[in-house]
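Reader: Hi, can you walk me through this one? I'm new to reading structures.
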Amino acid sequence: PVVLIGDACHPTTPHLGQGAGMALEDAVMLVRCLEDCGGGSDMHCAFGLYEKARHSRTSRVQRESHENEWTKTGMDHSWLYGYDVFSEPTGA
């Protein structure tokens, strides 16, 4: 079984500087999903949870980085920096 994390599955432009951050968040969420699915004994369950748990966040980071509005507008970036991967639900 293989799962991709970071830029391998959701590459971003450098405008938000989130490439490494997304990889770390992915890794933490993947471990949490593995723990929630029998400690890794059910990879299908874990990978499904991981995909569902990360899709919304990583899609938004990709979209925002591609739009490159980071310094052009007065955007509220608390959604980016206030995210806590340890407290986000896995969906289990």
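Author: Start with a term. Helices (H or I, at least four residues) and strands (E, at least two) are DSSP runs, numbered from the N terminus. From that end, the protein chain's elements run α-α-α. This is a predicted model: local features need pLDDT of at least 70, side-chain atom pairs count only at pLDDT 80 or more, and totals for chains, interfaces and linings use all residues. Residues are numbered from 1 along each chain as its sequence is written, and side-chain values use heavy atoms, with hydrogens and water left out.

Reader: How many strands in the protein chain?
Author: Zero strands, and three helices.

Reader: At what angle do helix 1 and helix 2 cross?
Author: Roughly 150°. Axes are lines fitted to C-alpha atoms, for helices over the stretch in contact, and angles run from 0 to 180 degrees between N-to-C directions. Helix 1 (residues 19-36) and helix 2 (residues 43-67) have axes that come within 8 Å. The two are therefore roughly antiparallel (under 35 degrees counts as roughly parallel, over 145 as roughly antiparallel, 65 to 115 as roughly perpendicular, the rest as oblique).

Reader: New topic. Which ring does the charged end of Arg57 sit over?
Author: The ring of Tyr83, 4.0 Å from its centre. "Over" needs NZ of Lys or CZ of Arg within 6 Å of the ring centre and within 35 degrees of the ring normal.

Reader: And Arg60?
Author: Its charged end sits over the ring of Trp79, 4.0 Å from the centre.

Reader: What does the C-alpha trace span?
Author: About 45 × 25 × 15 Å along the principal axes of the protein chain.
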